[in-house]
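Biologist: Before we discuss the interfaces, please put the structure up.

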2 protein chains.
Amino acid sequence: MQVINSLENNKVKLWNKLKQKKYRDQYGLFVIEEKHLINEAKDAGIIDTLIIRENCENCFDMPAVYVNDAVMKKISNNVSLNDYVAICHTLPKKEIKGNSFIILENVQDPGNVGTIIRTAYSLGYDAVLLTKDCASVYGYKTIQSTQGAMFHIPVITDSLENIIAAVKEQGCKVYATTLDSSHFLSETVKTDRYAIMMGNEGQGLSEKAVSLADENIKIEMANFESLNVAIAMGICAYYMKH
Amino acid sequence: MQVINSLENNKVKLWNKLKQKKYRDQYGLFVIEEKHLINEAKDAGIIDTLIIRENCENCFDMPAVYVNDAVMKKISNNVSLNDYVAICHTLPKKEIKGNSFIILENVQDPGNVGTIIRTAYSLGYDAVLLTKDCASVYGYKTIQSTQGAMFHIPVITDSLENIIAAVKEQGCKVYATTLDSSHFLSETVKTDRYAIMMGNEGQGLSEKAVSLADENIKIEMANFESLNVAIAMGICAYYMKH
């Protein structure tokens, strides 16, 4: 068994760079940690290199590269030492097709983006559509928060204009969630084809996004108007489906 | 202006200990960070000691103790250096009174507990009731996730049996959220007085909790049965109110 021991190894340097979005974009690669997520990546056929900490068992039925503890620490984001990581090819770009979508504009927190992807998949949405200023889908925290859902539901990044045009092409009505709409969620007439648009954690949706929507909706709140964006998305997404 | 400079100062040692639940319980004190949360704590009248980093302005209109950077780092949880922290008395224990409640059993993640407190307050629930094995209300991550809601909605920790008895005393129907119920949320008949019970992130509600409930409900899911507990709570809590 050959083991990569050097932090100066060129592959190790490349893998470590993948913590940064610009290198993930440049190389079309990202890092997956944790066994169940690696299995999902394997099923999706996107693993480029399986990396195993020396003396750990290869339980993935595919070839692997072995590394020592220092290298494993260097390339992973997890605070505890991983036994496995996988370098993966970014997911193939999909078309925007379907009848129910979640659109995120400038959602900054990777945990929120990941949780929203997980929720959208669980509730049966057809895709999650992100504007380019959202947190990266391929960052560590986003991936962990999706709990694997990112391998099952298309997650597509594009400009706001392209996203809105594409969902309207699918016959969808676009709902903007805002705080100042007089139109309450529970009064909203449900439709068969729709997209729900959520905005930035601090500022909400941009004026432009609101102006491109067909209807504004607001969640009824009894007290201070403060809901985490993933919670607000869950409430709206469930309401529209049922 | 007198400044505490020593990490060996007895007060500094005490404040640092408050990162651990057992000392928070022992002294009845906890730490609040960030200006807007300190203002909320001030309005609630629970500040024991206001602590300001030397050379920062006291904008709270109350007496303060000044500390150097090293002491400020020692006593705070924030990765970036705070200008202010406040040592606060734990909130006075309230009675369980009202007609809509959220009950959490063994919810472990402080971010989930905090987000649920924030959501419950925003949606107009009367209290959040925690079993004793839930993440601590007074931990750093819980407090940050509540966004101040913990100063407005009663959060009460007790045994499962006492909690259920108290909400039933208030005339509430108790709903258990489970994955194996055949009773879907959108088919649930709404009532005026109710408590919604959410369980542990991995295991869900205990058999005992389910057996004490009046009805089991399940969120309809199209795909893999995986929703974050705070998202599931948001969906159920909104549904029951509207």
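Biologist: Into which domains is chain A divided?
Modeller: This is a predicted model. The domain assignment of chain A has two parts, and their C-alpha centres lie 31 Å apart. The parts are domain 1 (3–89) and domain 2 (100–241).

Biologist: How much area is buried between domain 1 of chain A and domain 2 of chain A?
Modeller: In the contact between them, 15 residues of domain 1 of chain A meet 11 residues of domain 2 of chain A. Carbon and sulfur atoms give 64% of the buried area. The total is about 1100 Å².

Biologist: How many residue pairs are in polar contact across the interface of domain 1 of chain A and domain 2 of chain A?
Modeller: Salt bridges across this interface number zero. For polar contacts, both residues of a pair must be at pLDDT 80 or more. The count of such pairs is four.

Biologist: Turning to the two chains, how much area do chain A and chain B bury between them?
Modeller: Here 28 residues of chain A are in contact with 27 residues of chain B. Of the buried area, 64% is on carbon and sulfur atoms. Ser122(A), Phe224(A) and Tyr238(A) supply 26% of the area on the chain A side. Between them the chains bury about 2400 Å².

Biologist: Which helices of chain A each supply at least two residues of the side that touches chain B?
Modeller: That side divides into 13 nonpolar, 13 polar and two charged residues. Between the chains there are zero salt bridges, while 12 residue pairs are in polar contact, both residues at pLDDT 80 or more. The helices are H5 (110–122) and H9 (229–241).

Biologist: What rotation superposes chain A on chain B?
Modeller: The shift along the axis is 0.0 Å and the RMSD is 0.0 Å. The rotation is 180 degrees, and the two copies are thus related as by a two-fold rotation axis. Of the interface residues of chain A, 96% are also interface residues in chain B, so the copies meet through the same surface. The value asked for is 180 degrees.

Note on methods: Residues numbered from 1 in each chain as written. Chains lettered and ligands numbered in written order. Predicted model: local features only at pLDDT ≥ 70, side-chain atom pairs only at ≥ 80, totals over all residues. Heavy atoms only, no water. Contact = heavy atoms within 4.5 Å. Buried area = accessible area lost by both parts, 1.4 Å probe. Salt bridge = Lys/Arg side-chain N within 4 Å of Asp/Glu carboxyl O. Polar contact = N/O pair within 3.5 Å; in protein donor to acceptor, adjacent residues only side chain to side chain. Helix = DSSP H or I, 4+ residues; strand = E, 2+ residues; numbered from the N terminus. Nonpolar A, V, L, I, M, F, W, Y, C, P; charged D, E, K, R; others polar. Least-squares fit on C-alpha atoms with pLDDT ≥ 70 in both. Domains from an automatic or database assignment.
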